[in-house]
Amino acid sequence: MARPVRVVVLGAGSWGTTVAGLAARNTPTLLWARNSEAADEINSQRTNSKYLGERKLPKGLKATSDLVEAAREADVLVCGVPSHAVRATLAEIANEVRAWVPVLSLSKGLEPGTRQRPTEVIAECLPGHPVGLLAGPNIAKEIVDGMAAASVVATQDDRVAAALQPLFASSVFRVYRNTDVLGCELGGILKNIVAIASGMADGLGVGDNTRAMVLARGLAEMTRLGEAMGANPRTFAGLTGVGDLIATCMAPTSRNRRVGEALAQGLTVEEAVAKLGQVAEGVKTAPTVMDLAREYGVDMPIAAEVEAVIGGRQSASDAYRGLQKVAPGGEHEVA
Ligand SMILES: NC(=O)C1=CN([C@@H]2O[C@H](COP(=O)(O)OP(=O)(O)OC[C@H]3O[C@@H](n4cnc5c(N)ncnc54)[C@H](OP(=O)(O)O)[C@@H]3O)[C@@H](O)[C@H]2O)C=CC1
Ligand SMILES: O=C(CO)COP(=O)(O)O
């Protein structure tokens, strides 16, 4: 009888731990934590209190702080560290991961400097491996609590996604497939910036109509940039686009949204990030997205206002005044 597939997840933050918990219910799963105390706590207490409080993790989930041991174990590798740490983490194990092991990214940011998406960084660090991602409206704590949700495994070769799908799925976690890796990945990355705008709106006490405008026009600019870069615009109407946008803009626990709220309360971006104590990818990604918008000649007025607040060049209330200066065009055209 063939032995079961071993899943290895790198990164024991909120989402890496949650995804490892999903996989552990289906197949042997090992979670790498860079901090040995976190690995010990997961093994002995079945909790990751720094990120997930007292929530109990599945019995079968094992953790290690030995990155090389983890990499050698993998039949499927899942990379769940923040996007700025993907390259350095994978560089340490480039010669340890067996050939053809599929690698799935969980990260929703762009690498500062190179502007690369996490799947592009993975493909450079681990050439020859099938690379894809798992993304969707997936607030980690809700999923650990067993609330129903859905996600998408995106790989260029649909057969790879079909093989990976059952490793993460459960009766309350539906896993769909998509071959538009670029569109799925950009959805998760770009919605974080709109979520910061949405948090700023809430912090300023705007009405529901204003919030709806931010979401709808935010989706329009995400789709515009995605299409200009070669993604299928329909992808942005799915789970990884509007789905993740709604979850992240509405969830009080979303870190990007909370950063926006803190900015509206007058905190500096450094203070807002320090107060959060977790990763909010939209903060580092916003300037890079504006570089891409200029390169592709795409109007992104909401991202531009968010980036100016993050860069300290204007306040959150200035940002909302700034949006009023943009002359509305045809709904399917520009700003
Ligand atoms: N949380 C969520 O609901 C979701 C998150 N995501 C995405 O998943 C990715 C990870 O986010 P999430 O788990 O939430 O983040 P968290 O802030 O919860 O945790 C970050 C994790 O990464 C580790 N880490 C931080 N810096 C480095 C580094 N330089 N090298 C190696 N490891 C590092 C941290 O270790 P330590 O504790 O030792 O600092 C911690 O384990 C992000 O791109 C996020 O956008 C996607 C979907 C849902
Ligand atoms: O991507 C997420 C949900 O799908 C998590 O969003 P935050 O990083 O803003 O918490």
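Helix H1 (14-24) and helix H3 (49-52) each supply at least two residues of the shell around ligand 1, where helices (H or I, at least four residues) and strands (E, at least two) are DSSP runs numbered from the N terminus. This is a predicted model, in which local features need pLDDT of at least 70, side-chain atom pairs count only at pLDDT 80 or more, and totals for chains, interfaces and linings use all residues. Residues are numbered from 1 along each chain as its sequence is written, while chains are lettered from A and ligands numbered from 1 in the order in which they are written.

**Ligand 1**

- Of the 26 residues around ligand 1, Gly13, Trp15, Ala85, Ala140 and Gln278 come nearest, a residue being near a molecule or strand if its C-beta atom, placed from the backbone, lies within 6 Å of it.
- H1 provides the largest share of this shell, with three residues.
- By class, the shell around ligand 1 holds 10 nonpolar, 12 polar and four charged residues; Ala, Val, Leu, Ile, Met, Phe, Trp, Tyr, Cys and Pro count as nonpolar, Asp, Glu, Lys and Arg as charged, and the others, Gly among them, as polar.
- Because domain 1 (7-179) and domain 2 (182-324) both give residues to the shell around ligand 1, ligand 1 lies between them.

**Ligand 2**

- Among the 13 residues around ligand 2, those that come nearest are Asn138, Thr248, Ser254, Arg255 and Asn256.
- Helix H9 (181-203), helix H11 (239-250) and helix H12 (255-264) each supply at least two residues of this shell, and H11 gives the most, with three residues.
- Five nonpolar, five polar and three charged residues make up the shell around ligand 2, which draws at least three residues from each of domain 1 and domain 2.

**The two domains**

- The domain assignment of the chain gives domain 1 (7-179) and domain 2 (182-324), with bounds that come from an automatic or database domain assignment.
- The C-alpha centres of domain 1 and domain 2 lie 24 Å apart, and the contact between these domains takes 24 residues from each of them, two residues being in contact if their C-beta atoms, placed from the backbone, lie within 7 Å.
- On the side of domain 1 that touches domain 2, the elements giving two or more residues are strand S6 (131-135), strand S7 (149-155) and strand S8 (173-178), and S7 gives the most, with four residues.
- That side of domain 1 divides into 11 nonpolar, nine polar and four charged residues.

**The annotated span**

- An unreviewed UniProt entry carries the annotation "domain: Glycerol-3-phosphate dehydrogenase NAD-dependent N-terminal" for residues 7-160; UniProt positions are given in the numbering used here, feature names are shortened, and annotations may be inferred rather than shown by experiment.
- The end C-alpha atoms of residues 7-160 lie 14 Å apart, and the span is 35% helix and 19% strand.
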